[in-house]
Amino acid sequence: ESRIPIPKTSVSVPRLGFGVYQLYDQACQQAVVTAFGAGYRHVDSAHMYRNESEVRAAVTKAGLRREDVFLTTKTRSATGDPEKTYRSALESVKNLGGGGDDSYVDLFLIHVPGSSPEARQELWQVLERLHKEGKAKAIGVSNFRVQHLEEMKEYAKIWPPHVNQLELHPWCQHRELAKYCSDNGIVLQAYSPLSCGEYLKDKTLGEVAAKHNKSPAQILIRWGLQKDWVPLPKSGNPDRIKENADVFDFSLDEEDMKALDGLDKGATGAIFPANLR
Ligand code: A2P
């Protein structure tokens, strides 16, 4: 099956997503159109990325309908005024949704836990309102650790959050947190599944890649898929965009999975340690 049902919602998420961090304007539109051509139907954006409108424009340009694609955004800006925060989040909904009153996003996440419980609560209550209004089909968090997820129980009407999006690759596996999420029915999305390119030359990874006649990047994506996570690889290059989607014609065996599992460096393996503070 090419999608994962999101527990307690009416939606399912395509198993593979396309990340668009640091892609802007025409280059972003181009990359997303290429991604749709390569078969992706899921794009991971954020208010902070400043490219929500380009992602939406790419849907139309590719000849797809809104309901053909799964679109995610994220917010990190609590204002201290829930109405104001709501209006800002609604802007993201309209940017990705096409602007009409029927605009919606498939998934809306809190981008980072940030520093204060008050900010997390304000953002979550805004997302709960959008969900209730049908403007966010699923809602979740990103970079939340167990303590943040547990804290949510104090104020959340909707718990667990439907999704937690984390930096996840063999060198940064967040084992305890990942287990907590799967035990609680929280879908895990993997950002920077290619470790931002950092470990693509790893020897063990190279051996697994050679065995399957696939690229190291394809092996990393496949490893994430077989964990039942949702990898969100990112590329601005047409050939690599296609390469990263060409991961459904082979599978890693137990030995390969074990070899890759053995690469974990825990928190020190993270490329973006600051996101998890
Ligand atoms: P580029 O945009 O030039 O393709 P991550 O998804 O882990 O954040 O990694 C993104 C980084 O990895 C980008 O620098 C991207 O560069 C690079 N990248 C994406 N796909 C591949 C690939 N198949 N092989 C090598 N590097 C890749």
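**Buried contacts, helix packing and backbone angles**

Me: In which helix is L225 placed?
Reply: Helices (H or I, at least four residues) and strands (E, at least two) are DSSP runs, numbered from the N terminus. By that numbering, the run at residues 216-226 holds L225, and this run is helix α8.

Me: What kind of model is this?
Reply: Residues are numbered from 1 along each chain as its sequence is written, and side-chain values use heavy atoms, with hydrogens and water left out. Local features need pLDDT of at least 70, side-chain atom pairs count only at pLDDT 80 or more, and totals for chains, interfaces and linings use all residues, since this is a predicted model.

Me: Is L225 buried or exposed?
Reply: The cut-offs are under 20% relative accessible area for buried, over 50% for exposed, and partly exposed in between (1.4 Å probe, protein chains only). L225 has a relative accessible area of 5%, so L225 is buried.

Me: Which residues does L225 touch, not counting those up to four places away in sequence?
Reply: Contact means heavy atoms within 4.5 Å. F248 is 23 residues from L225 along the chain, with 9.5 Å between their C-alpha atoms. The residues touched by L225 are R15, P231, V247 and F248.

Me: Which strand holds P231, and what is the relative accessible area of P231?
Reply: P231 lies in strand β10, residues 230-232. Its contacts beyond four places in sequence include L225, I221 and A190. P231 is buried, with a relative accessible area of 1%.

Me: How does α1 lie relative to α2?
Reply: Axes are lines fitted to C-alpha atoms, for helices over the stretch in contact, with angles from 0 to 180 degrees between N-to-C directions. The axes of α1 (residues 25-38) and α2 (residues 52-61) come within 8 Å and cross at roughly 45°. Under 35 degrees is roughly parallel, over 145 roughly antiparallel, 65 to 115 roughly perpendicular, and the rest oblique. So α1 is to α2 oblique.

Me: How many residues of each class form the contact of α1 with α2?
Reply: Among the residues that meet are V32, V33 and F36 in α1, and V55, A58 and V59 in α2. Ala, Val, Leu, Ile, Met, Phe, Trp, Tyr, Cys and Pro count as nonpolar, Asp, Glu, Lys and Arg as charged, and the others, Gly among them, as polar. By class, the contact of α1 with α2 has eight nonpolar, three polar and three charged residues.

Me: How far apart are the end C-alpha atoms of α4?
Reply: The expected span of a helix is 1.5 Å times one less than its number of residues. For the 16 residues of α4 (residues 117-132) that gives 22 Å. The model agrees, because the end C-alpha atoms are separated by 22 Å.

Me: Which residues does T75 contact, leaving aside neighbours within four places in sequence?
Reply: T75 lies in strand β5. T75 is buried, at 5% relative accessible area. Strand β5 is among the elements covering the buried residues of α4, and L123 and L127 are two of those residues. The contacts of T75 are F108, L109, I110, H111, L123 and L127.

Me: Where does R50 lie?
Reply: Phi of R50 is near 55°, a positive value in a residue other than glycine. At 63% relative accessibility, R50 is exposed. Its place is the loop between β4 and α2.

Me: What is the omega of the peptide bond between W159 and P160?
Reply: P160 is in the loop between α5 and β8. The bond from W159 to P160 is cis, with omega about 0°.
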